[in-house]
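The following note sets out a few points for a colleague to consider alongside the model. Please read them with the coordinates open.

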Amino acid sequence: MKILLSVFILCIYCATALAKTSAIIEEWKTHLSVNQSNELVIREYKRIKILDETGYRFALFHEYYNSFKKIRSLQLTVFDATNKRIKRLSKGDARDVMISPSYEVSDVRMLVLDPEYRNFPFTIEFDVESSYNGFLTLDEWIPRSSHDLQVNSAELVLECHKEYSFKSLELNGVEKPTVQETEKTKVFRWAVANLPSVE
């Protein structure tokens, strides 16, 4: 048992020590709001520092939409290494791509927005609002979704009416949410901070 524990600790140490940080999520706030008619509105703000070409993939925006999910607004802002604003792009600047060649199978489309800026390091901000007209599950929340990605601060907030019930499962060090209640609503808040990049 001691040998297994030692090997496990060594593997974690090596994964962290050998990791190369290509991007840093400086701040990520996701706010989910469920109203009485079970419409879901998602507001997401993300600020990411892109350090090199490998991390450039985190500067790309790509999100699907269909007859149930709408992307209401999208704003992408690019800042240079001195934090000077270089450009601001919106939903109208994104490419609208059909995923299925036939609407007989699916009506899913995707918005793709590339900042087309490669003077590293630079910082990018995403500000997105989406809505679902009916849903069965909430998306997984994975703050450190990839290798070579450091997370300084990430927060998920679910605001719902008091009668709304759901099940959640916290994994990989994410703790149970804090809960605040008012007369009509409940607010659940999950948060993580200072996650180093892993190999």
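Which residue stands opposite Met110 in S7?

1. Val97 stands opposite Met110 in S7. Strands S6 and S7 (residues 109-113) pair in the antiparallel sense over four bridges; two strands pair if DSSP finds at least two bridges between them. Helices (H or I, at least four residues) and strands (E, at least two) are DSSP runs, numbered from the N terminus.

2. The model is predicted: local features need pLDDT of at least 70, side-chain atom pairs count only at pLDDT 80 or more, and totals for chains, interfaces and linings use all residues. Residues are numbered from 1 along each chain as its sequence is written, and side-chain values use heavy atoms, with hydrogens and water left out.

3. An open sheet of three strands has the order S3-S7-S6, with antiparallel pairing. Its edge strands, S3 (61-65) and S6 (95-98), each pair on one side only.

4. Phe79 belongs to strand S4 (residues 69-79). Phe79 counts as buried because its relative accessibility is 12% (buried means under 20% relative accessible area, with a 1.4 Å probe and protein chains only). Beyond neighbours within four places in sequence, Phe79 is in contact (heavy atoms within 4.5 Å) with residues including Arg47, Ile86 and Phe122. The C-alpha atoms of Phe79 and Lys49 are separated by 9.2 Å, although the two are 30 residues apart along the chain.

5. Mean pLDDT (the predictor's confidence in each residue, from 0 to 100) is 89 for the protein. Confidence is lowest in helix H1 (residues 2-17), at a mean of 46, and highest in strand S5 (residues 85-90), at 98. Where pLDDT is low, the predicted coordinates should not be read in detail.

Note on methods. Buried < 20%, exposed > 50% of the residue type's maximum accessible area, 1.4 Å probe, protein only.
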